[in-house]
Amino acid sequence: MMKPLEQLVRKNIWSLAPYSSARDEYSGKEAHVFLDANENPYNAPYNRYPDPLQRDVKKLLERIKGVPAENIFLGNGSDEAIDLPYRIFCEPGRDNVVSIVPTYGMYQVCADINDIECRQVLLGDNFQLHADAVLQACDEHTKIIWLCSPNNPTGNSLDRDEMMKVVEGFDGIVIVDEAYIDFAQQLSLRQELPTHPNLIILQTMSKAWGSAAIRLGMAFASKEIIAIYNKVKYPYNVNLLTQQQAMEMLKDPFEVDKTVKIILQERNRLMQAFRELPLCEQIYPTDANFFLARVTDAKRIYDYLVDKGIIVRNRSRIQLCQNCLRITIGTRTENNELLSALRQY
C-alpha cells in the first residue's frame, strides 16, 4: 500500500509556495488588454507568454488518451518529466531509487545530477522483469522504482503481471516509461491510474508522433501528483511554438496510426533481412520502432557503417548488451541502404 503522499514528498517541496505567474492570477476571466507581465505589446502572438498549464493541448490529449486533463503534466520532453520526480520525492544524499538494467540511461543521469543513489537490478532471461528482485533491492529510503516498457535498448515489453506486482508491492512511487507504447501490442498501463495512486506513466510526442524536435513529454498520474509536478516545474516550461505544433499533430491521430503501421511493416521486413546476414548472431524480440541485434563485432561494424554515412547505435558498453547494435527503423530507402552496406561488409 502506498504511503501517504505527504510522507513521500520532500518536506521543502510539500510546503513550497510556487511562483505565481501573471497568467495564473487572472485565470478563468476574460481579458483583452494585457499590461501585467511586462511583455512587449508588439509582434503578436510571440510577444506573449504561453499558457503555463497548456490547457488547449491537454483538452486534445484528454480525448485521445482517455485521461482527464487534471491528470496530465506536459514537460520539455520526457527528460523534464524524468527529472522532476527526483526533485519532488528524493532527498539528495539520503534517498535512493531502483531501476532495471539495461534500460534508458536518463534515469541514472538524473539520479547522479540530483545526488541520488540509483540501484540497478539486472533483467533476467530475454530481458524480462522479475518483480521480486526489484522489490528486494528497495529499503526504507527507496522513493522511486523506474520501469521502461517497451524497454530501451532491448525493445521488449516487460511482463504486465510482473509490472503490476511491483506497483502493488511497493509503498513508494512507480514510474513506467511508455515512450514506445504506440508500437506495442501490449496496452498502456494508463487504465490502472484510478486504482493505483502511486503510479506515474510517461509518454512522449517524440516517437510515434514523429515530433522529437518540438520536445513535448507527458506524465499521467493522480491529480495530487500532477499538482506537485506543476508546483515545481518552471512557470512557462512549454513554449508557444511547441504547443501550437502539438495541437496540429493531435488533431489528426489517425495519420499517426498510418505511419506507425508502415514502420511496423518495415520493422518486420528489415529484421527478417538482417537475420540472413552472416554478421548477425541474434535478433531480440521487439515492440518498439527499433530492434537490438547481437553481431560478430559491434565496434567494427559500427565504424564501417559510419564510414558509409550510416549511423546506428553501438550498445556494447551496456550490461547484457555486449556486441549489440540498436537499429532504428527508417524509411524503406534508408533501410535498404543499410542492408546494402551490410551485405558488402
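**Exercise 1.** Which residues on the other side of helix α8 are exposed?

*Basis.* The model is predicted, with local features requiring pLDDT of at least 70, side-chain atom pairs counting only at pLDDT 80 or more, and totals for chains, interfaces and linings using all residues. Residues are numbered from 1 along each chain as its sequence is written, and side-chain values use heavy atoms, leaving out hydrogens and water.

*Solution.* 
1. The buried residues of α8 (residues 160–169) are Arg160, Met163, Met164, Val166 and Val167; buried means under 20% relative accessible area, exposed over 50%, and partly exposed in between (1.4 Å probe, protein chains only).
2. Viewed down the axis of α8, these buried residues fall within an arc of 155°, so they line one face of the helix.
3. On the other side of α8, Asp161 and Glu168 are exposed.

**Exercise 2.** Describe how helices α5 and α6 pack.

*Solution.* 
1. The axes of α5 (residues 77–89) and α6 (residues 106–113) are 9 Å apart, at an angle of about 45°.
2. That makes α5 oblique to α6; angles under 35 degrees count as roughly parallel, over 145 as roughly antiparallel, 65 to 115 as roughly perpendicular and the rest as oblique.
3. Asp79, Ile82, Asp83 and Tyr86 of α5 make the contact with Met106, Tyr107, Cys110 and Ala111 of α6, where contact means heavy atoms within 4.5 Å.

Notes: Axes fitted to C-alpha atoms, helices over the stretch in contact; angles between N-to-C directions. Helix = DSSP H or I, 4+ residues; strand = E, 2+ residues; numbered from the N terminus. Arc of directions from axis to C-beta.
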